[in-house]
Amino acid sequence: MLKKMFFAATLLLAANSAFAELVVVVNPANGNALDSKTVQRIFLGKDKKFADGNETIAVNQVADNQIRQEFDEAVLGRSSSQVSAYWSKLVFTGKGIPPKEVANDAEVVDLVSKNPSVIGYINKSSVTDAVKVVEL
């Protein structure tokens, strides 16, 4: 019985750690109002400027990162393989360049904190005062 309870507790902890709480972040100086549709359009290369006219620079995390997979599904409404196919088509036809990829939350925070044009996503637990969370 104790082994079953331990196994159940282990599965519960693994399930909780598998799903991070995703947040979209921008530089604190970025005063643009953003909603989920706008964020989606930015990360799909459809919007290249914020509402104030400033350039957008989207930053993705690497494809094998769990937070990237969650972002693709929750915000873009597509699986990571569908997003990859979407960008492959745009690159092949010369109609777009996918967002820069970084390895982890810390790199996203670093880039966003240094440039008001950068937008990215991280695990909520990685939020610092150097970035502003976008309420979607």
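Start by selecting helix H5, residues 105-114. In this predicted model, H5 lies across strands E1, E2, E3 and E4 and runs at about 150 degrees to E4.

**The sheet under the helix**

Now color the strands. They form an open sheet of five, in the order E3-E2-E4-E1-E5, and the pairing is mixed. Look at the two edges: E3 (100-102) and E5 (132-134) each have a single partner strand, so one side of each is left without a neighbour in the sheet. From one strand to the next, the twist averages 40 degrees.

Zoom in on E1 and E5, which run antiparallel and are joined by three bridges. Which residue of E5 is the bridge partner of valine 25? Select valine 133 and you have found it.

Next, show helix H2. This helix packs on the sheet, where it touches E1, E2 (57-61) and E4. The direction of H2 makes about 110 degrees with that of E4.

**Stepping back to the whole chain**

Zoom out to see the protein chain with its five helices and five strands. Followed along the sequence, they give the pattern α-β-α-β-α-α-β-α-β-β. Of the 136 residues, 35% count as buried. Take the contacts with a separation of 6 or more: 68% of them are between residues 24 or more positions apart.

Color by pLDDT while you are here. The mean for the protein chain is 89, and 86% of its residues reach 70 or more. Residues 2-17 fall below 50, and this stretch has zero contacts in the model beyond near neighbours in sequence.

**Into the core**

Select Leu34, Val39, Phe43, Phe71 and Ile119, the residues with the most contacts inside the largest nonpolar core, which has 20 residues. At least two residues of this core come from each of E1 (22-26), H2 (36-43), H3, H4 (80-93) and E4 (118-123). H4 gives the most, with four residues.

Beyond its neighbours within four places in sequence, valine 39 is in contact with Val24, Leu34, Phe71, Val75, Ile119 and Leu136.

**Helix H3 and a buried arginine**

Move to H3, residues 66-74, where Ile67, Arg68, Glu70, Phe71 and Asp72 are buried. At the start of this helix, show the side chain of asparagine 65: one of its oxygens comes to within 3.1 Å of the backbone nitrogen of isoleucine 67.

Is arginine 68 buried or exposed? Arginine 68 counts as buried because its relative accessible area is 6%, and the cut-off for buried is under 20%. To see what surrounds arginine 68, select Asn60, Gln61, Val62, Ala63, Ser80, Glu101 and Tyr121, which it touches, leaving out residues up to four places away in sequence.

**Last stop: a loop threonine**

Finish at threonine 56, in the loop between H2 and E2. This threonine is also counted as buried, at 11% relative accessibility. Follow its side chain to the backbone oxygen of aspartate 47, which it reaches at 3.4 Å. Besides Asp47, threonine 56 touches Ile42, Lys48, Lys49, Phe50 and Ser117, not counting residues up to four places away in sequence.

Key
Residues are numbered from 1 along each chain as its sequence is written. This is a predicted model: local features need pLDDT of at least 70, side-chain atom pairs count only at pLDDT 80 or more; totals for chains, interfaces and linings use all residues. Side-chain values use heavy atoms; hydrogens and water are left out. Buried means under 20% relative accessible area, exposed over 50%, partly exposed in between (1.4 Å probe, protein chains only). A polar contact is a pair of N or O atoms within 3.5 Å; within protein, one must be able to donate a hydrogen and the other to accept it, and residues adjacent in sequence count only if both atoms are side-chain atoms. A nonpolar core is a set of buried Ala, Val, Leu, Ile, Met, Phe, Trp, Tyr and Cys residues joined through side-chain atoms within 4.5 Å. Contact means heavy atoms within 4.5 Å. pLDDT is the predictor's confidence in each residue, from 0 to 100. Two strands pair if DSSP finds at least two bridges between them. Axes are lines fitted to C-alpha atoms, for helices over the stretch in contact, and angles run from 0 to 180 degrees between N-to-C directions.
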